[in-house]
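Visitor: Hi! Could you walk me through this one?
Guide: Happy to. Here it is.

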Amino acid sequence: MSRMLMMALVAIVSAACGNQPAKASDKETEKAPPHLVKADQTNDKAIKADLKVRITNKGDSARIVALLKEGQALGKDVNDVLFFARKFLGKPYVAYTLDQELTERLVINTEGLDCTTYVENVIALAICARQHLTSFADFCKILSHVRYVDGKVSYSTRQHYFTYWITDNLKESLISDIELPPAPLSQKRKPKVDYMTTHVASYKMLNAHKEWLPDIKKMEEKVNATTFSFIPKSQLKDSGKYQKYIKDGDIIGIVTNKAGLDISHVGFAVWHKGQLHLMNASSLHKKVVDEPMTLYQYLQKQTSSAGIRVVRLK
């Protein structure tokens, strides 16, 4: 993250919260479902009066704070992304973790992860560690910027397509594209997405709020206006030739040929014995794993996969 952006985020966190305890008389909180609280009522500093956080499991905020404290003790030679990624190994894979309600919330869930929320949690933790941010409120503010356009929590600003996730996080200077070698070791791709607007019934919240469809259509149009470089999966048979380009902890998106989609799965790059592997929240293994198969072997079993796109936390 750029220094100026981070300073602005920290200023927002500090100015909005102060050290005041939560108001016990807040009627909205009294009516809220279990673990659904305003950010300024988590016994941390407040983030923003109107930003609400859904804490899925009892103890989620305490686990985040404990991880942030561990992050402050990391040596400079430690790969912070993989450090935090490994903290979630064995946690259950749970699909649709952000879509359990009909109202958009900043969902915090350390006990059940899908592939995207796994990546988002790890990236937010690593950013906090690098910037010496140690409170739950700090984490929530950073996560909101990782997950949503400009950090604005709403269904229409959630980065549903991972190409859009990359585009917005590049704009916020949270991540960077990596340099890839020329063809045939890399290729260009222009996505063509429309899955959400053509499969509305598959999306619980969108199906309940069809007034959001125009915004999702605009998001699809923005994705379709992009072009990106990716590594064809056939080239990964000898993945060692990419070792100077792809580093441990880089974010890997699996580019798909499925109609209407751009990237079907995400995780982290990890090298074992000179071969590239994927650390991910796996629907196959039903948990977060450091995949024992090489990434090339894994992609051969994913018949619709075309290759991988790789970006890096700045």
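Visitor: Is D250 buried or exposed?
Guide: D250 is buried, because its relative accessible area is 2%. Buried means under 20% relative accessible area, exposed means over 50%, and partly exposed lies in between (1.4 Å probe, protein chains only).

Visitor: Okay, and what should I know about the model before we go on?
Guide: This is a predicted model, where local features need pLDDT of at least 70 and side-chain atom pairs count only at pLDDT 80 or more, while totals for chains, interfaces and linings use all residues. Residues are numbered from 1 along each chain as its sequence is written, and side-chain values use heavy atoms, with hydrogens and water left out.

Visitor: Back to D250, then. Which residue forms a salt bridge with D250?
Guide: That is R312, with the closest N and O atoms 2.7 Å apart. A salt bridge here is a side-chain nitrogen of Lys or Arg within 4 Å of a carboxyl oxygen of Asp or Glu. R312 lies in strand β11 (residues 305–313) and D250 in the loop between β6 (228–232) and β7 (251–256), so the pair ties together parts that are 62 residues apart in sequence. R312 counts as partly exposed because its relative accessible area is 26%.

Visitor: How many salt bridges does the structure hold?
Guide: There are 14. Another of them joins the side chains of E111 and K91, at 2.7 Å from N to O. E111 sits in the loop between β3 (106–108) and α5, and K91 in the loop between α4 and β3, so this pair ties together parts 20 residues apart in sequence. E111 is partly exposed, at 27% relative accessibility, and K91 is partly exposed too, at 21%.

Visitor: Which residues are linked with E111 and K91 in a network?
Guide: D60 and R63 join E111 and K91 in a network of salt bridges.

Visitor: New topic! How many helices and strands are there?
Guide: The protein chain has eleven helices and eleven strands. Helices (H or I, at least four residues) and strands (E, at least two) are DSSP runs, numbered from the N terminus. Of the 314 residues in the chain, 52% are buried.

Visitor: What about α4, why is it largely enclosed?
Guide: Six of the eight residues of α4 are buried, so the rest of the structure largely encloses this helix. Those buried residues are D80, V81, L82, F83, F84 and A85. Their cover includes α3 (60–72), α5, β8 (263–272), β9 (275–282) and β11.

Visitor: At what angle do α4 and α5 pack?
Guide: Helix α4 (residues 80–87) and helix α5 (residues 115–130) pack at about 130 degrees, with axes 9 Å apart. That makes α4 oblique to α5. Angles under 35 degrees count as roughly parallel, over 145 as roughly antiparallel, 65 to 115 as roughly perpendicular, and the rest as oblique. Axes are lines fitted to C-alpha atoms, for helices over the stretch in contact, and angles run from 0 to 180 degrees between N-to-C directions.

Visitor: Which residues meet there?
Guide: From α4, D80, V81, F84 and A85 meet Y118, V122, L125, A126, A129 and R130 of α5. Contact means heavy atoms within 4.5 Å.

Visitor: Which residue does D80 meet in a salt bridge?
Guide: The side chain of D80 meets that of R130, at 2.6 Å from N to O. This pair links distant parts of the chain, as R130 is in helix α5 and D80 in helix α4, 50 residues apart. D80 counts as buried, at 12% relative accessibility, whereas R130 is partly exposed, at 35%.
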